[in-house]
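Reader: I've got a structure open and some quick questions. Can you walk me through a few spots?

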Amino acid sequence: MNENSAALPADLSAPAAPWWRSAVFYQVYPRSFADSNGDGVGDLGGLREKLGYLELLGVDALWICPVMLSPMADGGYDVADPRDIDPLFGGLAAMDAVLAEAHDRGLRVTMDLVPNHTSDQHLWFQQALHAPPGSPERARYIFRDGRGPKGSEPPNNWPSIFGGPAWTRVIESDGLPGQWYLHIFAPEQPDLNWENPEVAADFEDTIRFWLARGVDGFRIDVAHGMAKPAGLPDMAHPEGQFDGDTLVVHDDGDPRFNDPGVHAIHRRLRTIMDQYPDTVAIGEVWVDDNVRFGEYVRPDELHLAFNFRLAETPFHPDRIRAAIDNSLCAVEAVGASPTWTLSNHDIEREVTRYGGGAAGQARARAMILLELALPGAVFVYNGAELGLPNVDDLPESALQDPTWERSGHTLRGRDGCRVPLPWEGQRPPFGFSTADPWLPMPGLWSALTVEKQLERLDSMLSLYRMAIELRGARPEFGGSGLEWYASPPGCLAFRRDGGLLCVLNATESPILLPAGEVLLTSAPIRSRKLPANSTAWLV
Ligand code: NOJ
């Protein structure tokens, strides 16, 4: 466990801060983590076998991406039964075993929940398809008549996140095209109607089901998406707008997300969570405006919300500092804890984002030290601790992300950051499985296996281990504030309340470190000179 949060109050009688405020979470993408039954797809048995590895890494908690019953149209984010585990991952017994063994090892376990939509194979949706317009079965989803002659146009102009319209027309019982249903994501992911009390009640059942089994909390998928605006108004710019050179398709004015009605849903979730002490709800909240972002983590809503600014920021000191300031500012007013993440299963891996090759590796090392020096909770995406790059040359025949099909084969989607982890040996599948992995693994990853990296003190994995250990053990990481220090151009320096000084050198040449004992650096130093693209911790 991370102890530094407990060191916060000077008053020893003051209650310790909750564990999640400064925890290091490890995100497991189960399909890609470890396969125990030789079908080429990772599963919960594989995760269980590797819990010792995660204990060694030193993380406090796991976030397991969806493992519930699913036809896997979107890697499990299309849930057919939220209170059952898919046989692909080993069924409920495998989940119970992971929970028990993780807890024995002092690891907390959080699960992904997907309240915005279900799978089209969910019993409710199947019932809705076979029921007439206006029926209670259809009222659990968002069905509407179409526009134009014979209702042949979608009810509004919303696009789906994965491409194409956000509406699909159904065939009614008379064999003719009829109503349309809303799916902000793939057609296999119909949006639920959160105005229907049955939907909220069912979500509550799901939450209680998992909490009663001992889960320590949830990551809430699309936590800014469940409520929809009255009348489902058209989007002003469905094709997106340019911000400089960047095409922004989804901003804060997007009517598909961030409707104020969503906060009542989070308040209800919180009252349930509060009945289970020490649990946490973490929202996926893609909201730019700091005030509106902060609303999600008010004291009676979510405990934490993902802030993606750092994950979207290039390796540029001014941009990094702005992202940090922004993220701190977004939660400060409501007294919540910040969260930090460099990558996840939806985002290009950081080594690639920072330029790839040796420079990408060096910068990813620098950034994880910077990130672990920050106050708040840190999320590490599986494989980041091995310095895995994105795999951008997957054969087209292997691509599985719905984006690939929905974009008419123009966007490859997110598979490049989901390639399975290399554990050991010289050749794919590197101990991940005994079969061909569900996505092919590059032969060059023989240099990046866990086995190889455990042997070397200068590996990315060793850096993660040392950094996480120091962060949990040293009082200098205490306190919730940080102060920026003057630093040479191209560099950043901040001091934590507890005394830790973190220095990032984002220039192309070495810089002289300030006075102090050097705790850890992301690259070797000589004569107190911190090399280009690296970070140092001093006390
Ligand atoms: C966000 C998840 O992170 C992503 O992987 C998924 O495709 C969408 N939500 C839809 O559930």
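Predicted model: local features only at pLDDT ≥ 70, side-chain atom pairs only at ≥ 80, totals over all residues.

Reader: Which way do the side chains of strand β2 point?
Author: Ala61 and Trp63 point one way from β2 (residues 61–64), and Leu62 and Ile64 point the other way. All are buried, where buried means under 20% relative accessible area, exposed over 50%, and partly exposed in between, with a 1.4 Å probe and protein chains only. Strands here are DSSP runs of E, at least two residues long, and helices are runs of H or I, at least four, both numbered from the N terminus.

Reader: Why the two directions?
Author: In a regular strand the side chains alternate between the two faces of the sheet.

Reader: Which strands pair with β2?
Author: Strand β1 (residues 24–28) runs parallel to β2, joined by 4 bridges. Strands pair if DSSP finds at least two bridges between them. Tyr26 has Leu62 of β2 as its bridge partner. Strand β5 (residues 108–113) also pairs with β2 in the parallel sense, over 4 bridges. There, Trp63 is partnered with Thr110 of β5.

Reader: Now β18. Why is it largely enclosed?
Author: 5 of the 5 residues of β18 (residues 501–505) are buried, so the rest of the structure largely encloses this strand. Leu501, Val503 and Asn505 point one way, while Cys502 and Leu504 point the other way.

Reader: How does β18 pair with β17?
Author: β17 (residues 491–496) and β18 are antiparallel, with 5 bridges. Ala493 has Val503 of β18 as its bridge partner. The two strands form a hairpin with 4 residues between them. In that turn, Gly499 has a positive phi of about 115 degrees.

Reader: And what about β22?
Author: Strand β22 (residues 534–538) pairs with β18 in the antiparallel sense over 5 bridges. Leu504 stands opposite Thr535 in β22.

Reader: Switching topic. How many disulfides are there?
Author: The count is 0, taking a disulfide as a pair of cysteine sulfur atoms within 2.5 Å. For Cys417, the nearest cysteine sulfur is that of Cys65, 10 Å away. For Cys491, the nearest is that of Cys502, 12 Å away.

Reader: Are those two, Cys417 and Cys491, buried or exposed?
Author: Cys417 is buried at 1% relative accessibility. Cys491 is buried too, at 6%.

Reader: Last one. Where is Asn193?
Author: Asn193 is in the loop between β8 (177–182) and α6 (197–212). At 18% relative accessibility, Asn193 counts as buried. Its side chain reaches the backbone nitrogen of Glu195 at 3.0 Å.

Terms used
Residues numbered from 1 in each chain as written. Heavy atoms only, no water. Polar contact = N/O pair within 3.5 Å; in protein donor to acceptor, adjacent residues only side chain to side chain.
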